[in-house]
Amino acid sequence: MNDVRLPVIADAQFARLFGTAPMVVSSAHGRVNLIGEHTDYNGGFVLPTLIPQATVAAVAPSSGRRVRVWSRELSADASLRAFHLGDEEAGQGWLDYVQGVTVALRAAGFEVGGFDLAVASDVPLGSGLSSSAALEVSVLRALRRLFDLDFDDVMLAKIGRAVETDFVGAPIGIMDQMVSSLASVGEALFIDTRTLATAPVALPAGTELVVINSGVAHHHAHGDYRTRRAECERAASMLGVVELRDVGVADLGRAQALPSPLDRRVRHVVTENQRVLDAVAAMRANDADALGALFSASHASQRDDYECSVAAIDQLVAIAQADPAILGARLTGGGFGGSIVALVRTGESPAAAARVAEGYTRASGHAPTVLVP
Ligand code: ADP
Ligand code: MG
């Protein structure tokens with residue numbers, strides 16, 4: 001995390017696109033969740049941290065109500081996408097994330113004028129490292145300064161989340177936008193997703209992270225995610241609680257009387273919430289082994305109780321867990337494919353990541369990508 005280098009949008013490049021220099025340049029990082037999976041939409045606890053990769057948003061005001069947008073990652077050459085404020089219409093691919101920003105700002109009571117926007121990102125898109133939140137937060141930061149809007153970083157996260165829940169149509173929790181908006185690079189952020197209380201926590205001394213994408217993307221990820229959310233809501237209502245957050249480890253006996261698979265879904269959420277609290281305690285006590293063991297216990301719970309892993313991910317996690325430099329590993333993100341995060345002894349992450357990626361390639365035939373370091 002020492003050599004954080006942001007992507008650059010040169011003034012000359014912005015001028016070539018829009019005929020003017022950018023007035024504000026803002027950035028926001030992607031994230032990886034250390035522990036606390038599928039707890040955020042249950043009002044529970046999460047513990048994400050920023051990754052070195054970030055998205056940069058450069059903006060300049062334009063006359064009228066036109067918004068023009070260019071993405072280094074997704075726009076060919078100098079081709080611009082455009083829309084008019086008030087005429088936003090979903091269903092236009094990545095432009096929805098920018099249209100969603102102006103719609104969500106308006107819904108929250110903040111007016112912006114027309115603007116030109118260029119974005120560049122080295123957060124891998126669609127790999128579970130939340131390029132979407134990095135895009136929303138970087139653009140919202142830029143517009144907040146450009147139009148002198150008066151909202152704090154928590155409100156910014158809420159507006160960013162609304163982009164996805166209310167415009168893009170992705171029923172996500174608020175973790176991604178909270179950590180991207182509130183955390184500093186080099187620290188993890190404990191978030192109580194019900195109260196939105198946060199606390200920074202450092203990794204135990206002598207540890208660092210590895211993140212590897214499995215090369216397996218699940219085609220029905222949104223559908224399965226919705227199914228899990230619905231199962232949690234049904235379980236909560238059968239248990240007579242507002243959210244599964246309100247079920248503690250001590251109440252698990254009662255939850256085990258629920259029909260299958262709700263009993264297992266609840267067991268995951270309840271024990272995962274406890275593991276987040278235990279992870280924060282382990283980090284504060286500088287107990288790397290305890291934290292590693294919690295990572296691995298979280299994976300088993302996702303695999304067996306929440307059933308949000310897939311065979312390739314289980315294989316990748318097992319190979320990581322068997323590596324001598326790795327203290328624990330787990331599926332991270334929404335699941336059904338995607339990436340794993342591992343806790344590694346300091347200085348060993350490049351070699352450990354290479355060993356794990358190679359072993360997994362050999363065993364599975366899939367093409368992994370090392371995302372961190
Ligand atoms: P993740 O957030 O895990 O990367 P999502 O599916 O939530 O995956 O968000 C990825 C989508 O967000 C992309 O397909 C694209 O529509 C949009 N997006 C993210 N970053 C950018 C970017 N730099 N430029 C254009 N669109 C982006
Ligand atoms: Mg996303």
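This is a predicted model: local features need pLDDT of at least 70, side-chain atom pairs count only at pLDDT 80 or more; totals for chains, interfaces and linings use all residues.
A polar contact is a pair of N or O atoms within 3.5 Å.

**Figure 1. Polar atoms of the protein around the oxygen atoms of ligand 1****.** The backbone of G126 places a polar atom 2.7 Å from an oxygen atom of ligand 1, a distance that falls within the 3.5 Å limit for a polar contact. G128 also takes part through its backbone, with a polar atom 3.1 Å from an oxygen atom of ligand 1. In S131 the polar atom belongs to the side chain, and it lies 2.6 Å from an oxygen atom of the ligand. When ligand 1 is taken alone it exposes 560 Å², of which the protein buries 80%.

**Figure 2. The shell of residues around ligand 1****.** The shell holds 16 residues, and those that come nearest to the ligand are S71, G126, G128, S131 and S132. Strand β5 (residues 115-121) and helix α3 (residues 131-146) each supply at least two residues of this shell. Helix α3 gives the most, with 3 residues. The space that ligand 1 takes is the largest pocket.

**Figure 3. The salt bridge between R330 and E37****.** Side chains of opposite charge can pair when their charged atoms come close. In the pair shown here, the closest N and O atoms of R330 and E37 are 2.6 Å apart. The model contains 19 salt bridges in total.

**Figure 4. The salt bridge between R245 and D192****.** The closest N and O atoms of this pair are 2.8 Å apart. R245 is located in the loop between α6 (221-239) and α7 (252-255), and D192 in strand β6 (residues 188-192); the two residues are 53 apart, and their pairing links distant parts of the chain. R245 is partly exposed because its relative accessibility is 21%, while burial is set at under 20%. D192 has a relative accessible area of 8% and is therefore buried.

**Figure 5. The salt bridge between E243 and R194****.** Here the closest N and O atoms are 3.0 Å apart. E243 is in the loop between α6 and α7, and R194 is in the loop between β6 and β7 (198-201), so this pair ties together parts that are 49 residues apart in sequence. Both residues count as partly exposed, E243 with a relative accessible area of 25% and R194 with a relative accessibility of 35%. Elsewhere, R228, E231, R264, R265 and E307 are joined into one network by salt bridges that share partners.

**Figure 6. The side chain of S180 and the backbone of H29****.** S180 is found in helix α5, which covers residues 175-182. Its relative accessibility is 3%, so S180 counts as buried. The side chain of S180 reaches the backbone oxygen of H29 at a distance of 2.9 Å.

Definitions and conventions
Residues are numbered from 1 along each chain as its sequence is written. Chains are lettered from A and ligands numbered from 1 in the order in which they are written. Side-chain values use heavy atoms; hydrogens and water are left out. A salt bridge is a side-chain nitrogen of Lys or Arg within 4 Å of a carboxyl oxygen of Asp or Glu. Helices (H or I, at least four residues) and strands (E, at least two) are DSSP runs, numbered from the N terminus. Buried means under 20% relative accessible area, exposed over 50%, partly exposed in between (1.4 Å probe, protein chains only). A residue is near a molecule or strand if one of its heavy atoms lies within 4 Å of it. A polar contact is a pair of N or O atoms within 3.5 Å; within protein, one must be able to donate a hydrogen and the other to accept it, and residues adjacent in sequence count only if both atoms are side-chain atoms. Accessible areas come from the Shrake-Rupley method with a 1.4 Å probe; for residues, only the protein chains shown count as cover. On a 1 Å grid over the protein atoms alone, a cavity is a set of points where a 1.4 Å probe fits but cannot get out, and a pocket is an open set with protein on both sides within 12 Å along at least five of seven lines; lining residues have an atom within 4 Å of a point. A molecule sits in a cavity or pocket if more than half of its atoms lie within 2 Å of its grid points.
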